[in-house]
Amino acid sequence: MERFQQLILIPLILTASLPGLGFCYSIINGPTNATVLAGSEARFNCTVSVGWVILIWLSNGNPVLTVINSQGAVETSDRFTSQNYTSSNGFTSELIIHNTQLSDSGKIECNIQQLSESSFAFLSVQVNGSLFIKNSTLAVKENSTVEIVCEALGWAPAPDIAWMTNDSFIDKSKYVTQQSQGSNDLHNALSILTLTPTDTEVLTCLADIEALPNPQNATVTVIFVNSTIENDYSEDSRSTWVIVLAVVLSLVGIILLIIIIVVVVRCCCLKKKGSTYQNEIRKVSAEKKKDGDLENRQRHGSENQGYIPEEPWNVQIPRTASLPKMSSKFTVPSADLHTSSVPKVRPQTRIDHLISPKKIRKVTLV
């Protein structure tokens, strides 16, 4: 790209220089040094007298923009543009460099193609990196020394480190700063502050470069812990923990008691339900048994509980002679009907054989 720009600008320069040999014009005011942050804009002004023909802007010796009196600005890159101002005293060209980069740092030259007529300035592009303190809060006991580390990473150039406490600068003898080379032409810095605090204070680490309008800062709060206060704090903490523990144990006990009560009630309900179920089963079984017994009694009869078995006996019953046939018709006067108190005589029969003793059970059908 740069070679292409040079190939375009060389013919223009030669063309503009030929008619200018008979004219005398000069640079009234040249550009001034500028320091900017990377990514921002850089501006340079160059004022020439009346009668000028051509003005060329160069960055580190490379033409980046050309302004011709008869044609205006010839821009070959979007990063390099210009604004022009004309007055009765002369012509002013302003070079604007957009989105500056570290590689833009160097010599910026304004050239009007006249012998010994060029003016230049220097551009410094700087980078502000990160700044942090490892601990945002520190607790320091009485008569104790603490080291506080502040680290700056990715700066160009390396920043200047300073420390402040309660809006007052700390003496440089109390801290040590080390710088080192990082990647991509960037720099790192490490500052260690050694301090024996006597009270709680806020410490500020400051990192500064020329392009920054205000130093970048990081803060840390150092809490001074008195031994008496620490003891009181420990006792208060212990009491607090005892109270919290008591409350927690009470809540746990209440919860366990509720759980036990619920489990007992549940078990009782289940037991009662199971007992009722078993009673129902027994009741159904008893009813079925009762119905079966009733059916057996209806089918086979019931046992006569009042039956008394006869004693075995061995008696020969005499055989009686056959009686004559009696008439089946007889008449008894109604007046002679009465109940006789004479005991009836059982007819004797002779049994020629032994009667084996048997138990006779009488069954009554209901």
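N188 touches A152, L153, G154, Q178, Q179, S180 and G182, leaving out residues up to four places away in sequence; contact here means heavy atoms within 4.5 Å. The model is predicted, so local features need pLDDT of at least 70 and side-chain atom pairs count only at pLDDT 80 or more, whereas totals for chains, interfaces and linings use all residues. Residues are numbered from 1 along each chain as its sequence is written, and side-chain values use heavy atoms, with hydrogens and water left out.

**The chain as a whole**

- The chain has two helices and 21 strands, where helices (H or I, at least four residues) and strands (E, at least two) are DSSP runs numbered from the N terminus.
- Of its 366 residues, 27% count as buried; buried means under 20% relative accessible area, exposed over 50%, and partly exposed in between (1.4 Å probe, protein chains only).
- The chain exposes about 26300 Å², of which carbon and sulfur atoms supply 56%; accessible areas come from the Shrake-Rupley method with a 1.4 Å probe, and for residues only the protein chains shown count as cover.
- Among contacts between residues at least 6 apart in sequence, 64% join residues at least 24 apart.

**The sheet β1-β3-β8-β7**

- Four strands form an open sheet in the order β1-β3-β8-β7, with antiparallel pairing; two strands pair if DSSP finds at least two bridges between them.
- β1 and β7 (80-86) stand at the edges with a single partner strand each, so one side of each is left without a neighbour in the sheet.
- On average, neighbouring strands of this sheet are turned by 30° against each other, direction ignored; the axes are lines fitted to C-alpha atoms, for helices over the stretch in contact, and angles run from 0 to 180 degrees between N-to-C directions.
- Two bridges join β1 to strand β3 (residues 42-49) in the antiparallel sense, and I27 stands opposite V48 in β3.
- I28 lies in β1 (residues 27-29) and counts as partly exposed because its relative accessibility is 42%.
- Beyond four places in sequence, I28 touches T47, V48, S49 and N89; the C-alpha atoms of I28 and T47, 19 residues apart along the chain, are separated by 5.4 Å.

- Four bridges join β11 to strand β13 (residues 146-155), and the two run antiparallel; F132 stands opposite E151 in β13.

**Asparagine side chains and backbone nitrogens**

- N188 is placed in strand β17 (residues 187-195), and a polar atom of its side chain lies 3.0 Å from the backbone nitrogen of G154.
- N111, in strand β9 (residues 106-114), counts as buried because its relative accessibility is 17%.
- A polar atom of the N111 side chain lies 2.7 Å from the backbone nitrogen of Q113.
- N111 touches I54, L55, I56, L58, E117 and S118, not counting residues up to four places away in sequence.

**A34 in strand β2**

- A34 belongs to strand β2 (residues 34-37) and is buried, with a relative accessible area of 15%.
- Apart from neighbours within four places in sequence, A34 is in contact with F44, F122, L123 and S124.

Conventions. Polar contact = N/O pair within 3.5 Å; in protein donor to acceptor, adjacent residues only side chain to side chain.
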